[in-house]
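Hello,

Here is the structure we talked about handing over. My notes on it follow below.

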Amino acid sequence: NFHIFYQMMAGISNEHREEYGLGNDPTYFYYLAQSGCTNVDGVDDAADYREVQSSMDTVKIDKQSQTDIFRILAAILWIGQIRFQGNAPADIADKGPLDYAAYLLQISADLL
């Protein structure tokens with residue numbers, strides 16, 4: 001569900017935060033800013049993130065697969081940053097988010 005994005009933003013390691021281009025402000029990402037609420041009283045998203053990782057370990061999802069899953073989640077956030085301009089077929093206003101999503105998905109931006 002959508003909570004994983006907030007959990008990831010709160011609990012991801014600094015190394016992966018940098019690699020995935022996430023920064024520290026969840027409202028930077030269009031998908032996360034829409035609700036106007038990025039945290040809920042009584043909910044510890046960082047602890048929930050660690051619980052998700054622990055659960056993945058429990059069901060034997062290997063570390064590389066976990067990394068791949070979180071790269072895909074980060075790519076989804078970056079895809080949400082893509083803006084279009086003009087009429088159909090529209091142009092991409094800024095290819096930066098597209099390029100970063102492609103980097104995270106380890107594919108050519110042309111394939112997106």
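**Gln 7 and the helix around it**

Gln 7 is found in helix α1. Please keep in mind that this is a predicted model. Is Gln 7 buried or exposed? Its relative accessibility is 12%, and the limit for buried is under 20%, so Gln 7 counts as buried. Setting aside neighbours within four places in sequence, Gln 7 is in contact with Ile 12, Asp 45, Asp 48, Tyr 49 and Val 52.

**α1 against α4**

Asp 45, Asp 48, Tyr 49 and Val 52 belong to α4, where they meet α1 together with Ala 46. On the α1 side, the residues taking part are Ile 4, Tyr 6, Gln 7, Met 8, Ala 10 and Gly 11. By class, this contact of α1 with α4 has seven nonpolar, two polar and two charged residues.

Two packed helices are described by the angle between their axes and the distance between the axes. For α1 and α4, the axes come within 7 Å and cross at roughly 100°. Angles of 65 to 115 degrees count as roughly perpendicular, so α1 is roughly perpendicular to α4.

**The nonpolar core**

In soluble globular proteins, nonpolar side chains tend to be buried together. In this model, the largest nonpolar core has 20 residues. Those with the most contacts inside this core are Met 8, Tyr 20, Leu 22, Phe 29, Leu 32, Phe 70 and Leu 77. Four helices each supply at least two residues of the core: α1 (3–11), α4 (45–58), α5 (63–79) and α6 (96–105). Which helix gives the most to this core? That is α5, with six residues.

Apart from neighbours within four places in sequence, Leu 32 is in contact with Phe 2, Phe 5, Tyr 6, Met 9, Pro 26, Thr 38 and Leu 77.

**Aromatic pairs**

How many aromatic pairs does a search of the whole structure find? The search finds nine. Phe 2 and Phe 5 form one that is tilted, with 5.0 Å centre to centre and 50° between the planes. Phe 2 is partly exposed at a relative accessible area of 41%, whereas Phe 5 is buried at 7%.

Tyr 30 has 38% relative accessibility and counts as partly exposed. Tyr 31, at 31%, also counts as partly exposed.

Ring pairs also link Tyr 28, Phe 29, Trp 78, Tyr 100 and Tyr 103 into a cluster. Phe 29 is also among the core residues with the most contacts.

**The protein as a whole**

The protein has six helices and two strands. From the N terminus on, the order of the elements is α-α-α-α-α-β-β-α. Along the principal axes, the C-alpha atoms fill a box of roughly 45 × 30 × 25 Å. Of the 112 residues, 29% are buried. Among contacts between residues at least 6 apart in sequence, 54% join residues at least 24 apart.

Regards

Key
Residues are numbered from 1 along each chain as its sequence is written. This is a predicted model: local features need pLDDT of at least 70, side-chain atom pairs count only at pLDDT 80 or more; totals for chains, interfaces and linings use all residues. Side-chain values use heavy atoms; hydrogens and water are left out. A nonpolar core is a set of buried Ala, Val, Leu, Ile, Met, Phe, Trp, Tyr and Cys residues joined through side-chain atoms within 4.5 Å. Buried means under 20% relative accessible area, exposed over 50%, partly exposed in between (1.4 Å probe, protein chains only). Contact means heavy atoms within 4.5 Å. Axes are lines fitted to C-alpha atoms, for helices over the stretch in contact, and angles run from 0 to 180 degrees between N-to-C directions. Angles under 35 degrees count as roughly parallel, over 145 as roughly antiparallel, 65 to 115 as roughly perpendicular and the rest as oblique. Ala, Val, Leu, Ile, Met, Phe, Trp, Tyr, Cys and Pro count as nonpolar, Asp, Glu, Lys and Arg as charged, and the others, Gly among them, as polar. Rings of Phe, Tyr and Trp (its six-membered ring) pair if their centres lie within 6.5 Å; planes under 30 degrees apart count as stacked, over 60 as edge-to-face and the rest as tilted.
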